[in-house]
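Hi,

I am passing this structure on to you. Please open it first, then read the notes below.

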Amino acid sequence: MAEPKTTVTDVAVDDYLGSLDEPRRSQCSTLCEIMRTMTGDEGSMYGPAIAGFGRTSYSTADGKEHNWFTVGFSSRKQGLSVYLMGSFESRERLLEELGKYKAGKSCLNIPSLDYIHLPTLKKLIRESDKATKAAGKR
């Protein structure tokens with residue numbers, strides 16, 4: 001199996017934030033601060049556009065272990081992608097309270113932080129980080 005295309009880079013998360021235009025920079029700065037607080041991690045860039053916080057690992061079918069993050073975000077053309085590990089099915093109640101979003105397999109696509117309930121997003125981020133750590137991952 002090939003190596004993952006998205007890996008940790010030497011770029012600082014704050015440099016990534018500085019490269020964004022307003023109002024996206026402010027929204028991503030808010031997400032960054034929330035994720036730093038919830039995970040206790042300063043964050044790392046995964047590829048050119050994903051800021052990841054917390055540490056975990058996963059194994060592929062060929063037995064190789066790869067490093068990954070417990071929560072993360074990225075600024076995308078259509079809005080913000082918030083990456084949460086684990087299943088959304090166990091978080092249905094919180095998702096009902098969140099506001100305007102679309103869910104992918106492990107991400108929430110949010111048009112803007114203006115459309116969501118921020119305290120609920122904080123709970124989702126905290127749960128994702130804790131659940132991943134409790135599962136015995138790094």
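**Contacts of Arg 55**

The side chains of Arg 55 and Ser 44 meet in a polar contact of 2.8 Å. A polar contact is a pair of N or O atoms within 3.5 Å; within protein, one must be able to donate a hydrogen and the other to accept it, and residues adjacent in sequence count only if both atoms are side-chain atoms.

Before you go on, two notes. This is a predicted model, where local features need pLDDT of at least 70 and side-chain atom pairs count only at pLDDT 80 or more, while totals for chains, interfaces and linings use all residues. Residues are numbered from 1 along each chain as its sequence is written, and side-chain values use heavy atoms, with hydrogens and water left out.

Back to Arg 55. Its side chain also makes a polar contact with the side chain of Asp 41, at 3.4 Å. Arg 55 sits in the loop between strand E2 (50-53) and strand E3 (56-59). Helices (H or I, at least four residues) and strands (E, at least two) are DSSP runs, numbered from the N terminus. Arg 55 is partly exposed, at 34% relative accessibility. The scale is relative accessible area: buried is under 20%, exposed over 50%, partly exposed in between (1.4 Å probe, protein chains only).

**Aromatic rings**

There are five aromatic pairs. Rings of Phe, Tyr and Trp (its six-membered ring) pair if their centres lie within 6.5 Å; planes under 30 degrees apart are stacked, over 60 edge-to-face, and the rest tilted. Trp 68 and Phe 69 are stacked, because their ring centres are 4.6 Å apart and their planes at 25°. Both are buried. Phe 69 and Tyr 83 pair edge-to-face, with centres 6.2 Å apart and planes at 65°. Phe 69 is in the loop between strand E4 (65-68) and strand E5 (71-76), and Tyr 83 is in strand E6 (residues 79-84), so this pair ties together parts 14 residues apart in sequence. Tyr 46, Trp 68, Phe 69 and Tyr 83 form one aromatic cluster.

**Nonpolar cores**

A nonpolar core is a set of buried Ala, Val, Leu, Ile, Met, Phe, Trp, Tyr and Cys residues joined through side-chain atoms within 4.5 Å. The largest has 28 residues. Those touching the most other members include Leu 17, Phe 53 and Phe 73. Helix H2 (24-39) is among the elements that each supply at least two residues. H2 gives the most, with six. A second, separate core of seven residues includes Trp 68, Tyr 83, Met 85 and Cys 107.

Best wishes
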